[in-house]
Amino acid sequence: MLTTVQSTYDRTSVTSYADESITGPFPVFYTLNLIGNHKKTSVILLLNEMMSAEFTEILDSFNGMNQFVLIKILRQLEEDCIIKRVLVEEEGGDYKVKYRLTYTGRRLIPIINELSSWGKEQRRHKALISI
């Protein structure tokens with residue numbers, strides 16, 4: 001069963017697969033919902049590679065990504081406990097906000113890598129069949 005919940009960030013209704021998927025026969029739906037689209041996955045992989053990054057560093061890494069889209073992605077990943085915001089003290093007493101993967105986010109990396117390997121294999125297989 002799908003449930004509609006109120007988003008705490010933008011006050012819009014969003015559909016959640018969490019209730020049925022975690023306890024139901026298809027927890028893969030919950031996992032795929034967390035990973036989301038290619039933009040979410042790209043942010044997760046970038047943070048895994050960089051260990052931590054500021055908003056502008058993430059935005060600059062994605063050519064042409066709208067800052068509002070990135071804000072939405074970061075909020076969704078934070079709500080899902082995939083990433084966390086951390087205050088890092090700089091020299092002179094200034095603080096910067098950086099984003100890092102949580103333990104849960106780091107556990108997604110082998111899953112994403114396995115999906116990537118499967119996708120590469122399927123592309124090769126499809127290319128061989130179409131010859």
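## Thr 41 in helix α3

Thr 41 lies in helix α3, residues 38-50. Helices here are DSSP runs of H or I with at least four residues, strands are runs of E with at least two, and both are numbered from the N terminus. Thr 41 is buried, at a relative accessible area of 14%. Buried means under 20% relative accessible area, exposed over 50%, and partly exposed in between (1.4 Å probe, protein chains only). Neighbours within four places in sequence aside, Thr 41 contacts Ile 35, Gly 36 and Ile 112. Contact means heavy atoms within 4.5 Å.

## Basis of the model

This is a predicted model, in which local features need pLDDT of at least 70 and side-chain atom pairs count only at pLDDT 80 or more, while totals for chains, interfaces and linings use all residues. Residues are numbered from 1 along each chain as its sequence is written, and side-chain values use heavy atoms, with hydrogens and water left out.

## Nonpolar core

The largest nonpolar core has 22 residues. Such a core is a set of buried Ala, Val, Leu, Ile, Met, Phe, Trp, Tyr and Cys residues joined through side-chain atoms within 4.5 Å. Val 43, Ile 44, Leu 47, Ile 58, Ile 82 and Ile 83 touch the most other members. At least two core residues come from each of α2 (27-35), α3, α4 (55-61), α5 (67-79), β5 and α6 (103-129).

Ile 44 contacts Leu 77, Ile 82, Leu 101, Gly 105, Leu 108, Ile 109 and Ile 112, leaving aside neighbours within four places in sequence.

## Sheet

Three strands form an open sheet in the order β3-β5-β4, with antiparallel pairing. β3 (52-53) and β4 (83-89) are the edges; each has a single partner strand, so one side of each lacks a neighbour in the sheet. Strands pair if DSSP finds at least two bridges between them. β3 and β5 (residues 95-101) pair antiparallel over 2 bridges. Ala 53 has Tyr 99 in β5 as its bridge partner.
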